[in-house]
Amino acid sequence: MNLRPDPSFYPTARMAMEAPVEKLAFTLMLSPDFSQPDGLAVVNVDPESPDYGKIVHTVFMPNKGDEFHHFGWNACSSALSPLTGHAFLERRYLIIPGIRSSRIYVVDVKEPLQAKIHKIIEPEEVFAKTGYSRPHTIHCGPEGIYVSTLGGGGADGTDGPPGIFIMDCETFDILGRYEMDRGIQDKHYDFWWNLPRDYMVSSEWGLPPQFENGIVAEDLLSNKYGHKIHFWDLRGRRNIQTIDLGENHQMALEIRPAHDPAKQYGFCGVVVDTTNLQGSIFTWWRKDDGTFEAKKTITIDPQPADPADLPELLKGFSAVPPLVTDIDLSLDDKYLYVACWGTGEMHQYDVSDPMKPTLAGKVEIGGIVRKTKHPNGRDFGYGPQMVEISRDGKRVYWTNSLYSTWDDQFYPGDRGAAMVMARVGEGGGLNLDPDFWVEFPKGYRSHQIRLEGGDCSTDSFCFPSV
Amino acid sequence: MEDTSLTALWWAVIASGLYHGLNPGMGWPLAVSAALMERRALALPRALVLLAAGHLAAMLVILLPFSMMAALISLEREIRIGAACLVIAMGLYLLINTRHPRFLARISPAKLGLWSFLVAIAHGAGLMLLPIYLGICAMEQEAGHVAAGALMGTDVRMALIVAGVHTFAMAFAGGLMAVGVYIWLGLRFLQKAWFNLDRVWAASLVIVGLFALALALRSF
């Protein structure tokens, strides 16, 4: 407990944009064949430092096979609302779930260069207290730390629907399930909210048998992955509306609400449209009567390709789909970054008008067919995937792995971990920094990135940016 | 002597109100937020009124039962000692248990009055006022201002006045902060000037309670 609010908490997103520039990043490393323990890499991102782009500290876990994916902070700017009652929490711990093992690590990064494991919650405890498995997204919410899960109970995670559970924000004890009325929600992926407006939005990937051993082509072609987004009465814990994006819109993944809580809209990325292989972005918004609507506002076309250049899974299509696997919104709600993991592109859309996004910048790197090299001449394996934006909106970082078994299907063979950074131009535009290139330990892949002091997909702001 | 103590007690009613009002944890940032969210300055006083109404209700829920008991004049000392002990116990509890009650986080942000009521109850804001109120009642009686038969009615009226004055001071201080931040200081002030008063708060309950206990024991 602090005597003053943590200096990295900001009442508004706009004020957070003026925060000190990040000097460190935290990146998850996973061992795709489970032969080594997964880990957390502390990366120096300070261009003034001789260690720029180097991993300066690592924390490896005492177990193997966790498969790290997403992670988050124990506390964020949401603490600055009197309604949360926890104004004096420290942003100090990273909550890192193993998506495959269901084990959760709490890592103390108060001294980032001496980061260490603070607590381990064993899978049995997660199962017993929640009936859920495969924990995923972390956000700091009204009653503590909210954790979304991808699986229900049982060995294959299909005994009951997946959902969200709550952890105590001080002791990290698991308190129990979030939902009181889940409506028709039976799959899960990401979630986020508007705290003062008291609503939450959640999305769907697929159930564990649909992803753990690789993508199931039959399920995809018969539209059996998730394609709905759910709206919740946040504090009432009730599903108040479900919007079906259309069953051809397979895998509705990241939910990115506007950071300014006065704005009542947000975005959701859809991996692939099974009718035409497009990737797409939906804009969802809340109407005056409190109900929600969603509309497709961005489509990204597949690119024709020689079947000889395509993996088994895609040969029949003679095209490479963009595969929109991650999206991220800058703190001024101006630019939406869209990772096209299949074609190897990072798109930057100006979403000042959320109903009419325009492409403002683009970086080509990696890709199933194109395999564009980094400006430093190095091969960038896979495609742009987990993307994170600095709070000031000037630097965009990303890594290249999607999920161990899926990486191998779309990009056979081991292509190596990568983390790169692009700089944003004054009026938009995106250019890779030729000097920023992170060398990861052998045999690892890289996943989500968190930036020191916060970034564009962690903090929930309680006051409008005016 | 008597008059100065009485004056001191009334100042305590006002001071505790100012203290509650200044504490962001009692809600003034929500009034700023309301005005900013609705892009309408008038939402600020509206939110303040709701916060104040909740606070007033929390004060009355504590004070009124004691004002009813005042008819039991023979037990007046015991009641004051009991009330003092209650306040000390609450302070000690908050000193030991620094956890914020989870149920408060379940209240919809639209129900500001209810939130304010429950937050004041949960943090013993009404209890802080109780010994001060009982002290005022006792002094009024000792001064012979009140006929025995009219005692209960007077004490109820006194509870309303004490709670009202306290809440007015609370809303005044909170309103000053909210307006100051909304117009001049900006939300940055919230980040800079929010101090962790949890322990100070708990300690002030203990101190008020001890003081009241000493007064009650001395007065016979």
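Modeller: Helices are DSSP runs of H or I with at least four residues, strands are runs of E with at least two, and both are numbered from the N terminus. In this structure, A:Ala418 lies in the loop between helix 4 (404-410) and strand 28 (419-424) of chain A. This is a predicted model, in which local features need pLDDT of at least 70 and side-chain atom pairs count only at pLDDT 80 or more, whereas totals for chains, interfaces and linings use all residues. Residues are numbered from 1 along each chain as its sequence is written, while chains are lettered from A and ligands numbered from 1 in the order in which they are written.

Biologist: Why does A:Ala418 count as buried?

Modeller: A residue is buried if 20 or more other C-beta atoms lie within 10 Å of its own, exposed if 12 or fewer, and partly exposed in between, with C-beta atoms placed from the backbone. A:Ala418 counts as buried because it has 25 C-beta neighbours inside 10 Å.

Biologist: Which residues is A:Ala418 in contact with, leaving aside its neighbours within four places in sequence?

Modeller: Two residues are in contact if their C-beta atoms, placed from the backbone, lie within 7 Å. With those neighbours set aside, A:Ala418 is in contact with A:Phe380, A:Gly381, A:Thr399, A:Asn400 and A:Ser446.

Biologist: How many helices and strands are there in chain B?

Modeller: Chain B has nine helices and zero strands. Of its 220 residues, 44% count as buried. The C-alpha trace of chain B spans about 55 × 35 × 30 Å along its principal axes.

Biologist: How many residues of chain B are in contact with chain A?

Modeller: On chain B, 25 residues are in contact with 29 residues of chain A. Helix 2 of chain B gives the largest share of the side of chain B that touches chain A, five residues.

Biologist: How are two packed helices described?

Modeller: The description uses the angle between their axes and the distance between the axes. Axes are lines fitted to C-alpha atoms, for helices over the stretch in contact, and angles run from 0 to 180 degrees between N-to-C directions. Helix 2 of chain B packs with helix 3 (residues 43-69) of chain B at an angle of about 145 degrees, and their axes are 8 Å apart. Among the residues making this contact are B:Leu30 and B:Ala34 of helix 2 of chain B and B:Leu44 and B:Leu48 of helix 3 of chain B.
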